[in-house]
Amino acid sequence: MSEIAREAGALLMRHFRERVLIEYKGDADLVTIADRQSEALIRERIQAHWPSHDIMGEEQGLADTGSEYRWYVDPLDGTTNFAHGFMALDHKGERVAGVVYDPTRDEMFASQKGSGATLNGKPVHVSRTARLAESLVATGFPSHKRHKNPNIFFYHQLTLRSHGVRRAGSAALDLCYVACGRFDGFWEFNLNPWDTAAGVLMVQEAGGRISDFKGGNFQLSSRETLASNGLIHEEMISEFGKIFAGRGLEALPDPREYSAKL
């Protein structure tokens, strides 16, 4: 898996250096020739090694043959900032292996069920930060229908109650950063299976926790993804409950009042 990810990463970097042409497949949803060529390469390599396995990718979708094994492929997650590519293997609905490769930093995150998580071959673990107020957390926003997504309220409230919130643009890489302790938590709405499959296993194998926003079991079909080091998980769930209920919400500042003071 790692070899395939590195080969796809090299292809992506060639396009990156050539300032690849960006197209739109929606009002704000980007796609490039790099996405398409990288996914085609990954599919070709997987089919050569495991011809009976199904593959689900962001660009070409799923051709379901009923195999017990299914690969989830995102050749370039975070097209806007050219983030990375990943692959994850699912057996009978259970994630068993995954890799996330960031070619811009030559960082290979890998995990295998029951064997832990690694970064460039060295074991990684979640952070030991025990309080949300001392935590650095991350989130993301959808590329389309952003005006119908409530995450700006979560972003605002968590900014006030944590050490800070980051938005890098790649959910899978954010999950890996939770796994290796760079972030203490991450949440996002409406992610797809190819966004989460590899990163979720990374967090779990690094000793972290994954759930929906109420603490229920995470599913690839879930529209809610909450990941943490485990120590701040219940505190984040509590904050989410308050936000959904509209309790204790801090008002967003009025830019007119701010401008008047300048």
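Let's start with Met-202, which touches Phe-109, Ala-110, Ser-111, Ala-117, Thr-118, Val-124, Cys-176 and Ala-179, leaving aside residues up to four places away in sequence; touching here means heavy atoms within 4.5 Å. This is a predicted model, where local features need pLDDT of at least 70, side-chain atom pairs count only at pLDDT 80 or more, and totals for chains, interfaces and linings use all residues. Residues are numbered from 1 along each chain as its sequence is written, and side-chain values use heavy atoms, with hydrogens and water left out.

Met-202 also shows up in the largest nonpolar core, which has 33 residues; it is among those touching the most other members, along with Phe-109, Leu-175, Phe-186, Val-203 and Ile-210. Such a core is a set of buried Ala, Val, Leu, Ile, Met, Phe, Trp, Tyr and Cys residues joined through side-chain atoms within 4.5 Å. Buried means under 20% relative accessible area, with a 1.4 Å probe and protein chains only.

| Element | Residues |
|---|---|
| Strand S9 | 117-119 |
| Strand S11 | 136-139 |
| Helix H4 | 171-179 |
| Helix H5 | 193-205 |

H4 gives the most, with seven residues. That helix is mostly covered, too: nine of its nine residues are buried, including Asp-174 and Tyr-177. Just after H4, Gly-181 takes a positive phi of about 90 degrees.

Notes:
Buried < 20%, exposed > 50% of the residue type's maximum accessible area, 1.4 Å probe, protein only. Helix = DSSP H or I, 4+ residues; strand = E, 2+ residues; numbered from the N terminus.
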